[in-house]
Amino acid sequence: MAEREERRFVELPRDSLRLMAESAGLDLSDEVAALLAEDVCYRLREAAQNSAQFLKHTRRRKLTAEDFNRALRWSNVQAAWGFGWPEAPGPREAEAPGPEEREVALGELALATNIPKGAGQTLVRVQVSYLDGKGNVEPQGAVPSAVSALTPELLQYYQQVTRAVLGDDPQLMKVALQDLQSNAKIAALLPYFVYVVSGVKSVSHDLEQLHRLLHVARSLTRNPLLALGPYARSLAGSALYCALEPLAASINPLNDHWTLRDYAAMLLAAIFWTHGDLVSGLYQQILLALQKVLADPVRPLCSHYGAVVALHALGWKAVERVLYPHLPTYWANLQAVLDDYSVSNAQVKADGHKVYGAILVAVERLLKAK
């Protein structure tokens with residue numbers, strides 16, 4: 001009885017294991033074969049036990065090959081292929097029961113000329129492009145993360161709107177922007193248009209293109225039939241870039257980048273007030289970005305100007321929270337710039353007057369609200 005209890009588990013002979021190793025081109029010693037056979041037996045018992053657990057969880061009585069494969073995957077072992085026949089097993093003609101093997105005529109199947117019915121519909125994928133600063137559309141080589149299949153109609157609409165916005169016809173651009181504000185069937189194109197707006201970093205030297213891209217962002221924001229969701233954060237990031245970054249176009253004092261920063265600040269506020277409640281932490285993220293710019297004395301005054309006008313656009317609470325505590329320190333540094341009458345400081349002083357006026361307007365709004 002004791003001997004029967006000791007041999008209740010199946011044991012794999014070491015000779016069988018040695019033959020398997022020889023077929024794979026390996027030569028095992030008796031000691032290694034014995035240890036390996038013991039380990040294989042343990043792994044097989046473990047897989048059988050786990051497969052029985054899967055059987056119990058599915059409330060079935062019959063153990064299938066899929067249960068055993070699940071147990072193998074659970075142990076990070078490759079599944080056994082060729083045994084997962086989905087149909088119920090049927091009796092063979094012989095006395096021993098087993099799964100019925102269906103005969104398939106591979107020749108007839110391969111040479112068949114009939115076309116399967118219900119074939120999938122042909123789809124078109126769009127490749128988003130970036131701007132080269134001259135209105136030309138060049139392939140980016142990478143597409144947005146939210147890639148989805150587009151119908152030919154949506155693809156045509158995307159191409160026409162992009163060409164209209166980036167083209168030379170202002171009337172056509174106006175029509176395209178108005179349609180973006182009211183079209184309810186462009187939800188599938190939202191990630192593509194947001195990706196196009198994010199191209200502001202590629203055209204920082206072209207104020208006209210920056211204005212056009214911000215117009216697209218404003219149209220998407222004003223569309224009441226579009227749920228921006230997480231894309232509101234990306235649009236806000238593009239607006240922050242135009243308001244805070246020392247753009248390449250700002251190097252030339254003849255370029256009116258101040259108007260662009262004013263527009264970006266108003267757009268940032270519109271994005272927050274319209275869709276900010278749907279994006280967690282957007283308000284805190286915006287205020288933190290503005291605070292970092294104001295606290296950085298290395299940043300140019302045009303960046304400080306963008307931060308001040310953005311705070312003013314966000315409301316008096318934003319001014320009180322970010323600008324007001326920092327005002328005593330910043331005002332002293334700004335006054336030093338305004339008191340420098342040297343010729344080399346003329347342009348910096350002009351920028352300082354811009355910041356000075358923006359601070360007065362923001363503080364005036366705070367005082368009126370209080």
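A cavity is a set of points, on a 1 Å grid over the protein atoms alone, where a 1.4 Å probe fits but cannot get out. Grid points are joined across faces, edges and corners, and a volume is the space filled by probe spheres set on the points. This is a predicted model, in which local features need pLDDT of at least 70, side-chain atom pairs count only at pLDDT 80 or more, and totals for chains, interfaces and linings use all residues. Residues are numbered from 1 along each chain as its sequence is written, and side-chain values use heavy atoms, with hydrogens and water left out.

**View 1. The largest cavity holds about 50 Å³ of space.** The count comes to one cavity of 30 Å³ or more. Lining residues have an atom within 4 Å of a point. Here they are V161, T162, V165, L166, F193, V196 and V216. Helices are DSSP runs (H or I, at least four residues), numbered from the N terminus. Helices α6 (152-166) and α8 (190-197) each supply at least two lining residues. The largest share, four residues, comes from α6. Six lining residues are nonpolar, one is polar and none is charged. Nonpolar covers Ala, Val, Leu, Ile, Met, Phe, Trp, Tyr, Cys and Pro; charged covers Asp, Glu, Lys and Arg; the others, Gly among them, are polar.

**View 2. Helix α8 is largely enclosed by the rest of the structure, because seven of its eight residues are buried.** Buried means under 20% relative accessible area, exposed over 50%, and partly exposed in between (1.4 Å probe, protein chains only). The buried residues of α8 are L190, P191, Y192, F193, V194, V196 and V197.

**View 3. The largest nonpolar core has 83 residues.** Such a core is a set of buried Ala, Val, Leu, Ile, Met, Phe, Trp, Tyr and Cys residues joined through side-chain atoms within 4.5 Å. L180, L189, L290 and L311 have the most contacts inside it. Contact means heavy atoms within 4.5 Å. Leaving out residues up to four places away in sequence, L189 touches L150, L154, Y157 and Y158.

**View 4. S238 sits in helix α10 (residues 231-244).** With a relative accessible area of 5%, S238 is buried. Not counting residues up to four places away in sequence, S238 touches V197, S198 and V200.

**View 5. The whole structure has six aromatic pairs.** The rings of F272 and W273 have centres 4.9 Å apart and planes at 65 degrees, so this pair is edge-to-face. Rings of Phe, Tyr and Trp (its six-membered ring) pair if their centres lie within 6.5 Å; planes under 30 degrees apart count as stacked, over 60 as edge-to-face and the rest as tilted. F272 is buried at 14% relative accessibility, whereas W273 is exposed at 57%.

Technical notes. On a 1 Å grid over the protein atoms alone, a cavity is a set of points where a 1.4 Å probe fits but cannot get out, and a pocket is an open set with protein on both sides within 12 Å along at least five of seven lines; lining residues have an atom within 4 Å of a point.
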